[in-house]
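Subject: A structure for you to look through

Hi,

Here is the structure I said I would pass on. Have a look at it first, then read my notes below.

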Amino acid sequence: MAGGRHHLQIPGPTNVPDRVLRAIAAPTVDHRGPAFAALALDLLERLRPVFGTAGPVIVYPSSGTGAWEAALVNTLSPGDRVLACETGHFATLWRDMAERLGLLVEFLPGDWRHGADPDAIGERLAADPAHAIKAVMVVHNETSTGVRSRVPEVRAALDRAGHPALLLVDTISSLGSMDYRHDEWGADVTVGCSQKGLMLPPGLGLNAVSEKALEASRSARLPRSYWDWEPILAANRNGFYPYTPPTNLLYGLREALTMLEEEGLPAVFARHDRHAEATRAAVRAWGLEVLCADPREYSSSLTAVLLPEPHDADKVRRIILERFDMSLGTGLGRLAGRVFRIGHLGQFDDLSLAGTLAGVEMGLAAAGVPIERGGVTAALSVLERA
C-alpha cells in the first residue's frame, strides 16, 4: 500500500473531522447529572436550524434505519395504507420495512433515474376520496442514485388534492449538506442520521416532528417501546433520556454543529452545490453519463456515474482502491456493477475534490474504460469560476 492516508469518498460514512474526533474522545460524564443536561438541551436547540424547524428534534442511539422505523411506528397503525415512491435502493428498503411492520404499501414505480413524481403522487391522492392513504414516504436524496426528490412539489401535490396524509421524508444523505426546510415544506417527520452531512461516525438517528405527527402518535397503534417519542420528549424537556444516551457521540455532534455554524448553513449548501456541479462537469468531459436524468433533481451530496456496457463499475472501484487507496461507493440493487458513486459531502474542499477526481480519471483509464482525458480540468474550470 502506498504511503499517505486513505481517501474515503463513499457517500457515507464520511470523513470525520479531527476536531470532531477529539471531541468524541473527551471523558464521559454522568448522564443523570447537570453537565449532561446542559449538553443535551443545547444540542436539541441547535439541531433545529439544520432541519429547518421550530419543532422538536429527537435523537436516538441508532442508525438511520432505526430513525426510519421510529417515523413509521409513531405515526401509523397495523393495516394502514401508505404511498411510497420507487426512487432507488433505499426507498425500496424503507418500503420493505413498512411492509414487515404490517403496513399496506402502494409503491409507485420508478426507473431509479428520477425522483418521486409529484404529479403521480397527486393523481393517486386525488383518487383516494376516503383518505385511506395515511402517509406518503419520500426519500429526499436517494443515496444509491444521486437523485434528489422535489419535496416542495410533493407537498404542493398533497395540498392540491386536499389530502390529510402525513408526509414522511428521508434526509439521511442530504441533512447538513443540501437545503432542506422541514417546516416550510410541510414535512411531518423528517428522518436523518449522523454519519453523512453531520460529519460523525454512525450511531445517531434523528426525527424532526411536526405537531400533526405528534397528534397522530397519540392514536397510532403499531407496537413501539424503544422508538416511542413520548418518553423521549418527556425526558428531553429536562435534558435527559429514558435510557443510556450516546454521550460521546453527542460531544462530537456539538463540535460538528459548531463547524456548520461557523461556516454558515447557506455557505455549506453552496459549497456542496459547487462540488457537485464540478463533479458532473468531469463526468461529462470523460464522455460518461450522470445517472440522474433530470437536472432539477441533481444531488449535491453525491454523483452516481453510469458506465457503458460491458464495463464493470466494481472493477473500476477495485483498481482505484488498490492503486490509489481511495474508496468509492458501489452500485446497489439493480445498479450493481453498472454505476460507481462519488461522495462529495461532509468535510470536503476544492483540493479534496480535485484529488478525488484525479484518482477516478486515472482509475477509469487503468480499467480500460474508454474516456476522454480532461475531466479534472473541466472540474477545475467550474471551481475557478466559483
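This is a predicted model: local features need pLDDT of at least 70, side-chain atom pairs count only at pLDDT 80 or more; totals for chains, interfaces and linings use all residues.

**The seven-stranded sheet**

That pair belongs to an open sheet of 7 strands, in the order S2-S10-S9-S8-S5-S3-S4, and the pairing is mixed. At the edges you'll find strand S2 (57-61) and strand S4 (104-108), each of which pairs on one side only. Direction ignored, neighbouring strands here are turned by 20° against each other on average.

You can see both kinds of pairing around S9. Strand S8 (residues 166-170) runs parallel to S9, and 3 bridges join them; Leu 168 has Val 189 in S9 as its bridge partner. With strand S10 (residues 204-209), S9 pairs in the antiparallel sense over 5 bridges. In case this is new to you, strands of a sheet pair through backbone hydrogen bonds, either parallel or antiparallel.

Elsewhere in the sheet, strand S3 (residues 81-85) and strand S5 (residues 133-139) run parallel and are joined by 4 bridges. There, Ala 84 stands opposite Met 137 in S5.

Two helices to look for here:

- Helix H4 (residues 64-73) packs on the sheet and touches S2, S5, S8, S9 and S10, with its direction at about 165° to that of S9.
- Helix H7 (residues 151-161) also packs on the sheet, touching S5 and S8, and its direction makes about 165° with that of S8.

**A closer look at S9**

Why is strand S9 (residues 189-193) described as largely enclosed by the rest of the structure? Because 5 of its 5 residues are buried. In a regular strand, side chains alternate between the two faces of the sheet. In S9, both faces are covered: Val 189, Val 191 and Cys 193 are buried on one side, and Thr 190 and Gly 192 are buried on the other.

**The three-stranded sheet**

There is also an open sheet of 3 strands, ordered S11-S12-S14, with antiparallel pairing. Its edge strands are S11 (289-290) and S14 (339-343), each pairing on one side only. Strand S12 (residues 302-306) runs antiparallel to S14, and 5 bridges join the two. Within that pair, Thr 303 stands opposite Ile 342 in S14. Helix H11 (residues 265-285) packs on this sheet, touching S11, S12 and S14, and its direction makes about 10° with that of S12.

Happy browsing!

Key
Residues are numbered from 1 along each chain as its sequence is written. Side-chain values use heavy atoms; hydrogens and water are left out. Two strands pair if DSSP finds at least two bridges between them. Contact means heavy atoms within 4.5 Å. Axes are lines fitted to C-alpha atoms, for helices over the stretch in contact, and angles run from 0 to 180 degrees between N-to-C directions. Buried means under 20% relative accessible area, exposed over 50%, partly exposed in between (1.4 Å probe, protein chains only).
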